[in-house]
Amino acid sequence: MPDFLFPLMIFAAGFGTRMGALTADRPKPLIPVAGRALIDHALEVGQRAGVSRTVVNTHYRAGQMAAHLAGRDILISHESGPILETGGGLKAALPLLGDGPVAILNSDGIWTGANPLRELAAAWDPDRMEALLLLLPLADTLAHGPKGDFRLAPDGRIRRGEGGEDHVYIGAQILDPARIAATPDAVFSLNKPWTEMIAAGTAYGIVHQGGWCDVGHPEGIAAAETLLHSAQDD
């Protein structure tokens with residue numbers, strides 16, 4: 001397997017409010033799915049891809065996250081003030097990630113099939129792209145809800161805000177962080193630079209060759225466990 005050339009950022013700082021009582025005493029990434037914490041499923045994706053540097057950001061119940069990750073070769077970007085959202089969290093972690101494009105995983109998803117990071121790395125073209133998002137057709141997602149995020153053009157560019165968004169972002173991407181580093185704000189969502197990249201024609205997407213389940217809410221847990229069991233049976 002060739003070297004994986006991108007450092008990995010895993011988002012794990014959120015409050016997990018959609019999980020309700022399940023996050024009253026723990027951060028969402030420590031909720032078990034099929035006997036393992038969500039964060040461990042995401043870390044396994046990175047390990048199988050051959051990632052050599054992994055950064056996890058923390059905020060809510062950060063001590064539990066630090067204890068869970070202790071003894072592993074993982075760098076922690078702790079957000080001690082206000083929660084920074086996805087863009088601000090990535091910006092704060094850039095000194096740990098180093099220069100150049102970064103791979104990003106959300107910690108509240110379950111993927112089966114092809115390795116998401118390997119798919120993205122194989123399709124990444126720095127001459128054309130500032131962002132490459134992993135997508136699935138809305139009809140192929142599990143526990144996500146009724147709305148898509150993007151339209152996927154034949155040339156691979158993504159669009160939104162025009163109606164007909166029939167593809168869902170499934171929590172994995174490669175991103176050139178130059179826009180993020182240049183953003184003066186400390187707290188912002190990645191939706192802001194995504195919008196700028198879409199306008200510039202440098203935001204692309206590819207379709208995941210496998211399954212994905214959104215585990216951002218309690219109903220996603222059983223659906224994710226079913227997905228994992230089905231993948232083991234194949």
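Two strands are said to pair if DSSP finds at least two bridges between them. Helices (H or I, at least four residues) and strands (E, at least two) are DSSP runs, numbered from the N terminus. The views below show a predicted model, in which local features need pLDDT of at least 70 and side-chain atom pairs count only at pLDDT 80 or more, while totals for chains, interfaces and linings use all residues. Residues are numbered from 1 along each chain as its sequence is written, and side-chain values use heavy atoms, with hydrogens and water left out.

**View A. Strand 1 and its partners.** Strand 1 runs parallel to strand 4 (residues 54–58), and three bridges join the two. Leu 8 has Thr 54 as its bridge partner in strand 4. Strand 1 also pairs with strand 6, again in the parallel sense, over four bridges. Here Met 9 stands opposite Ile 104 of strand 6. In a regular strand the side chains alternate between the two faces of the sheet. Buried means under 20% relative accessible area, exposed means over 50%, and partly exposed is in between (1.4 Å probe, protein chains only).

**View B. The largest nonpolar core.** A nonpolar core is a set of buried Ala, Val, Leu, Ile, Met, Phe, Trp, Tyr and Cys residues joined through side-chain atoms within 4.5 Å. The largest one has 34 residues, and those that touch the most other members are Ile 10, Ile 39, Val 56, Leu 105 and Leu 117. Among the elements that give two or more residues to this core are strand 1 (8–11), helix 1 (38–49), strand 6 (102–106), helix 4 (116–123) and strand 11 (167–175). Helix 1 supplies the largest share, five residues. Apart from this core lies another, of 23 residues, including Leu 94, Val 102, Trp 194 and Met 197.

**View C. The surroundings of Leu 105.** Contact means heavy atoms within 4.5 Å. With neighbours within four places in sequence left aside, Leu 105 is in contact with Leu 8, Met 9, Ile 10 and Phe 11, among others. Its contacts also include Ala 42, Val 45, Trp 111, Leu 117, Gly 171 and Ala 172.

**View D. A salt bridge between Arg 72 and Asp 40.** A salt bridge is a side-chain nitrogen of Lys or Arg within 4 Å of a carboxyl oxygen of Asp or Glu. The whole structure holds 13 salt bridges. In this one, the side chains of Arg 72 and Asp 40 meet at 2.9 Å, N to O. The two residues are 32 residues apart: Asp 40 belongs to helix 1, and Arg 72 to the loop between helix 2 and strand 5 (75–78). Arg 72 is partly exposed at 33% relative accessible area, whereas Asp 40 is buried at 14%.

**View E. The salt bridge of Glu 196 and Arg 179.** The closest N and O atoms of Glu 196 and Arg 179 are 3.4 Å apart. Glu 196 is in helix 6 (residues 191–200) and Arg 179 in helix 5 (residues 178–182), so the bridge ties together parts that are 17 residues apart in sequence. Both ends are partly exposed, with 30% relative accessible area for Glu 196 and 26% for Arg 179. Salt bridges that share partners place Glu 130, Arg 179, Lys 192 and Glu 196 in one network.

View F. Arg 128 forms a salt bridge with Asp 125, and their closest N and O atoms are 2.8 Å apart. Asp 125 is partly exposed at 22% relative accessibility, as is Arg 128 at 38%. The charged end of Arg 128 also sits over the ring of Tyr 204, 4.8 Å from its centre. A charge counts as over a ring if NZ of Lys or CZ of Arg is within 6 Å of the ring centre and within 35 degrees of the ring normal.

**View G. Aromatic pairs.** Rings of Phe, Tyr and Trp (its six-membered ring) pair if their centres lie within 6.5 Å; planes under 30 degrees apart count as stacked, over 60 as edge-to-face and the rest as tilted. The structure has five aromatic pairs. The ring centres of Phe 6 and Trp 124 are 6.4 Å apart and the planes stand at 85 degrees, so this pair is edge-to-face. Phe 6, in the segment before strand 1, and Trp 124, in the loop between helix 4 and strand 8, are 118 residues apart. Phe 6 is buried at 11% relative accessibility, and Trp 124 is buried at 13%. Phe 150 and Trp 194 make another edge-to-face pair, 5.8 Å centre to centre with 70 degrees between the planes.
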